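Here is a friendly walk through one protein model, meant to be read with the viewer open. Take a look at the fold before reading on.

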Amino acid sequence: MTPGKRKITVLPGDGIGPEVVESALEIIKASGVAVEFEKCEAGARAFQKGIVTGIPTETIESIERTRVVLKGPLETPIGFGNRSANVNLRTLFETYGNIRPVRELPGVQTAFTGRNLDIVIVRENIEDLYAGIEYMQTPGVAEGLKLISREGCEKIIKLAYAYALAEGRKSVHCATKANIMKLTEGLFQRTFEDLAPQYPTIKSKHILIDNCAHQLAMRPEQFDVIVTTNMNGDILSDLTSGLTGGLGFAPSANIGNEVAIFEAVHGSAPDIAGKNKANPTALILSAAMMLRQIGEGKAANDVEQAVLVTLESGLRTSDMIGVDKPATTTGFTQAVIANLGKRSKVSPPKEYKKVEMPPSRLGVNVVLAKSRRLSGLDVYIESDLDPATLAADLEKLTLMSPLKLQMITNRGAQVFPSSGRRVSLVDHFRCRFVLREAATSFGDAEILSLLGTIGAAHRWMHIEKLQEFDGQPAFSKSQL
Ligand code: NAP
């Protein structure tokens with residue numbers, strides 16, 4: 001290690017990762033910036049060695065030392081196998097904010113060329129369905145937990161505003177599916193609406209995620225910063241990358257209070273790996289974001305500008321529209337190096353201020369309710385009985401309990417008491433029990449007794465307590 005040089009952990013990654021990362025490293029070196037790289041392993045090779053997280057201890061130690069990572073894409077088996085090493089990295093180092101900027105690039109022809117697109121997706125990076133908590137409830141029914149916390153929402157929404165202020169942006173849209181998921185996506189929307197008045201210089205607006213996708217395809221120039229939950233942001237940012245040339249051009253930063261990880265939005269693209277065909281632009285632009293983060297603003301501008309000049313010159317990789325003789329990954333890299341120090345004619349360097357990270361709160365973050373009440377219990381039961389027969393049996397079994405059966409749903413639709421609709425059923429029922437009129441309260445003893453009685457006759461998988469916080473039901477209603 002050379003004294004005085006800023007250390008950076010480098011994860012070449014899988015598929016096209018090593019090729020595009022090497023391209024970025026050569027350009028960083030040629031920019032003359034005083035940095036030193038610690039190359040480490042993560043992803044497919046680590047999984048092959050039996051490391052279940054996909055992240056070896058030496059890699060974790062390197063990141064703890066350097067706090068800054070330049071990363072290639074990591075492969076994740078689709079539909080089976082270990083949890084994604086990407087998700088593990090983001091969780092391990094609490095990089096809760098995923099910043100995904102796209103803008104119109106000179107020489108990159110798209111359907112939106114000339115509309116000056118300059119959009120940033122700020123994606124929550126830790127929570128939501130990506131917590132990866134899933135269960136097979138029955139052999140034929142899977143369940144995934146969508147976890148959203150007030151703390152997680154506050155952090156990402158404050159980060160989105162901090163980013164908007166640092167870049168002098170005019171508006172922040174919050175994109176959710178709060179009309180359907182009123183508690184999870186609704187919490188994100190409510191937190192946004194609570195915080196927005198603290199940023200009076202920025203126009204704040206909530207938009208439903210499906211309409212947001214539609215508006216992005218129709219009039220993308222109306223958007224500036226879009227803050228959203230993890231899954232929404234993952235999909236939306238691939239969409240926005242498509243507006244400005246495709247995944248080969250979309251950089252990103254995973255930011256937390258301690259560690260920042262810079263990577264392209266794209267994955268390992270195994271179909272073009274090892275062919276010297278991959279477009280390294282996304283990774284090079286991610287490297288420029290990294291240089292800016294470590295205080296090397298001039299080098300960041302030099303690298304970014306050299307990419308723009310290269311694109312302006314007409315050099316194109318094979319993923320671009322209308323290419324006759326595509327440049328190779330290495331050919332494109334050498335052209336960028338040759339253009340270091342030059343400035344784009346159409347897109348001069350932007351002014352960047354440091355993003356003021358919202359302070360992190362340590363310990364367990366608690367949201368208090370003034371009052372709480374336990375009002376019922378949902379018991380999830382696997383059964384091949386028809387709803388009326390199941391209901392009659394449950395009513396008979398629980399006659400002596402302070403709780404009585406109120407309704408049964410199947411995949412969210414009420415099937416007892418019957419709504420009269422014909423519903424195609426699966427063997428997974430949510431059976432809702434509420435306090436009988438004559439009873440005043442119940443607790444864990446009564447719940448355990450009820451489960452013991454039901455469990456003697458039926459296979460139950462899990463339960464949810466029905467709570468009320470400050471007089472408001474803390475659970476969703478059934479859908480008729
Ligand atoms: P992908 O790797 O992003 O590739 C999708 C397609 O986009 C490729 O087949 C290729 O299209 C094109 N493409 C992507 N990057 C390109 C580049 N730099 N230059 C030229 N073309 C590029 O998505 P995927 O196929 O869905 O995922 C593959 C693997 O990557 C999976 O294991 C997934 O889990 C992983 N992944 C990792 C990350 C990450 O590490 N952050 C992110 C996303 C996905 P053509 O077919 O037209 O060549």
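## Ground rules

This is a predicted model, in which local features need pLDDT of at least 70, side-chain atom pairs count only at pLDDT 80 or more, and totals for chains, interfaces and linings use all residues. Residues are numbered from 1 along each chain as its sequence is written, and side-chain values use heavy atoms, with hydrogens and water left out.

## The chain as a whole

The chain holds 13 helices and 18 strands. Both kinds of element are DSSP runs numbered from the N terminus, with at least four residues (H or I) for a helix and at least two (E) for a strand. Taken along the principal axes, the C-alpha atoms fill a box of roughly 85 × 50 × 45 Å.

Of the 480 residues in the chain, 51% are buried. Here buried means under 20% relative accessible area, exposed means over 50%, and partly exposed is in between (1.4 Å probe, protein chains only). Take the contacts (heavy atoms within 4.5 Å) between residues at least 6 apart in sequence: 75% of them join residues at least 24 apart.

## Three domains

The chain is divided into domain 1 (1-95 + 248-359), domain 2 (118-243) and domain 3 (372-473). These bounds come from an automatic or database domain assignment. Between domain 2 and domain 3, the C-alpha centres lie 34 Å apart. Their contact takes five residues from domain 2 and seven residues from domain 3.

## A pocket between two domains

Where does the second largest pocket lie? Domain 1 and domain 2 both give residues to its lining, so this pocket lies between them. The space in it comes to about 1200 Å³. Pockets and cavities are found on a 1 Å grid over the protein atoms alone: a pocket is an open set of points with protein on both sides within 12 Å along at least five of seven lines, a cavity is a set where a 1.4 Å probe fits but cannot get out, and lining residues have an atom within 4 Å of a point. Grid points are joined across faces, edges and corners, and a volume is the space filled by probe spheres set on the points.

The second largest pocket is lined by 37 residues, and the closest to its centre are Thr76, Ser84, Val87, Tyr130 and Asp234. Elements giving two or more residues to the lining include helix H4 (85-92), strand S6 (134-138) and helix H8 (230-243). H8 gives the most, with four residues. By type, the lining divides into 16 nonpolar, 10 polar and 11 charged residues. In this scheme Ala, Val, Leu, Ile, Met, Phe, Trp, Tyr, Cys and Pro count as nonpolar, Asp, Glu, Lys and Arg as charged, and the others, Gly among them, as polar.

Among the residues that line it are Glu104, Phe112, Leu117 and Thr244. Its lining divides into five nonpolar, three polar and one charged.

Asp224 is in the loop between helix H7 (209-218) and strand S10 (225-228). At 13% relative accessibility, Asp224 counts as buried. Its side chain makes a polar contact with the side chain of Arg169 at 2.6 Å, and also reaches the backbone nitrogen of Ser171 at 3.3 Å. A polar contact is a pair of N or O atoms within 3.5 Å; within protein, one must be able to donate a hydrogen and the other to accept it, and residues adjacent in sequence count only if both atoms are side-chain atoms.

Lys465 is found in strand S17 (residues 459-469) and is partly exposed, with a relative accessible area of 38%. The side chain of Lys465 makes a polar contact with the side chain of Asp444 (2.9 Å).

## Backbone points to check

Most residues other than glycine have a negative phi, and most peptide bonds are trans. Asn116 has a positive phi, near 50°, and is exposed, with a relative accessible area of 62%. Asp128, in the loop between S5 and S6, has a positive phi near 70° and is buried, with a relative accessible area of 1%.

A cis peptide bond joins Phe416 and Pro417, with omega about -15°. Pro417 sits in the loop between strand S15 (413-416) and strand S16 (428-435).
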